[in-house]
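Please look over the sequence and the model before reading on.

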Amino acid sequence: FKYKLQIDFAGAKISFKDVYIEAYKIRMGHFKQPFSLEALTSSKYMTFIERALPNALLPERNFGFMYYNSFLDEKLSFQIGSFHEGQKEDLSKMVLNGDAYNIIGRATFLPINNDNLLHLGASFAYRNRLTNNDDNYLSQPFSISVRPENHLGTKLLDMDLTGVTGMNLMGAEMAFVMGSFSVQGEYVMNSVEAMEDYSFSGYYGQVSYFLTGEKRKYKNSLAGFDRVKPNKNMKEGEGWGALELAARYSSMDLSEAHAGVLNDITIGLNWYLNPCTRVMFNYVMGTMEDHHGEETTENTFQCRMQIDF
């Protein structure tokens, strides 16, 4: 039996993140839905400061239950669950009545899992967007606002759709780690059912390399990657920690709704002083092309000092 209670105090307000109980590989409560390797990897262990653009298409935390299991010495894993469509992450403001729900399934395979790693995965989600309001079924709006991988940046890609009754999400994911070198990528396609059907897509690809010889540590299918442990922690007479260089290209295409296409290039440098402390530097170059062919660019340099315990 397990339980978790995770509360966020960011932005001078209280919101609930993971709030669940678990027994016999069945998890019930409010938690991340099993879709996307990067989305399931904790923000403490991500290679970049912000997640890639395609995450704006994905469902994240909601109320529901999930069953998960693994076979073949944990090389083959799957998760399947059903979730209510919550409108806000603040539990006191959640919209829980009605029939808006998600059904999600994900499967992963580790053909290589020794000194090197090869992770392959696929996900599917059906999201019903009808709400039961006194026996009247109402379609819900669907909005996407995307910043160029900069939480304080401009919402360059903005879209609002009405009359949405449902959507189908499909995703593919891959990660390969060989010593200090790693590559990771995902592709997501979203088919939206409305008065007029739409198809949106997004993808990213990233590479990283540890100059000091460390490697990315894989935890499991459901949690993704784990913390990096420097070969030499930054202590007197021991070393200067670990240095990681990384680059990522990501794209989001909402052109069918006349919202445009956003492309990002991110260059990163991570300095791991010890397993719980790191300093991150990212330079993000975002370019948005609208449906008229006009371009808007936004370049950002950002830094994070992170201590987790």
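Is Phe31 buried or exposed? In this predicted model, Phe31 has a relative accessible area of 1% and is therefore buried. Phe83, likewise at 1% relative accessibility, counts as buried.

**Aromatic pairs**

- Across the whole structure, a search finds 11 aromatic pairs.
- One of them joins Phe31 and Phe83, whose ring centres are 5.3 Å apart and whose planes stand at 70°, so the pair is edge-to-face.
- Because Phe31 belongs to strand E3 (residues 26–32) and Phe83 to strand E5 (residues 76–84), this pair ties together parts that are 52 residues apart in sequence.
- Tyr218 and Phe225 also form an edge-to-face pair, with 5.6 Å from centre to centre and 85° between the planes; Tyr218 is buried at 14% relative accessibility, and Phe225 is buried at 2%.
- Ring pairs also link Tyr20 with Phe31 and Phe83 in a cluster.

**Charges over rings**

- Arg216 lies over the face of Phe225, 3.8 Å from the ring centre, while the charged end of Arg248 sits over the ring of Phe48, at 4.4 Å from its centre.

**Nonpolar cores**

- The largest nonpolar core has 28 residues, and those with the most contacts inside it include Phe142, Leu157, Phe200 and Leu254.
- Strands E9, E10, E11, E12 and E13 each supply at least two residues of this core, and the largest share, 4 residues, comes from E10.
- Beyond its neighbours within four places in sequence, Leu254 is in contact with several residues, among them Leu57, Ile144 and Met159.
- A second, separate core of 7 residues includes Leu37, Leu110, Val177 and Tyr218.

Notes:
Residues are numbered from 1 along each chain as its sequence is written. This is a predicted model: local features need pLDDT of at least 70, side-chain atom pairs count only at pLDDT 80 or more; totals for chains, interfaces and linings use all residues. Side-chain values use heavy atoms; hydrogens and water are left out. A nonpolar core is a set of buried Ala, Val, Leu, Ile, Met, Phe, Trp, Tyr and Cys residues joined through side-chain atoms within 4.5 Å. Buried means under 20% relative accessible area, exposed over 50%, partly exposed in between (1.4 Å probe, protein chains only). Contact means heavy atoms within 4.5 Å. Rings of Phe, Tyr and Trp (its six-membered ring) pair if their centres lie within 6.5 Å; planes under 30 degrees apart count as stacked, over 60 as edge-to-face and the rest as tilted. A charge sits over a ring if NZ of Lys or CZ of Arg is within 6 Å of the ring centre and within 35 degrees of the ring normal.
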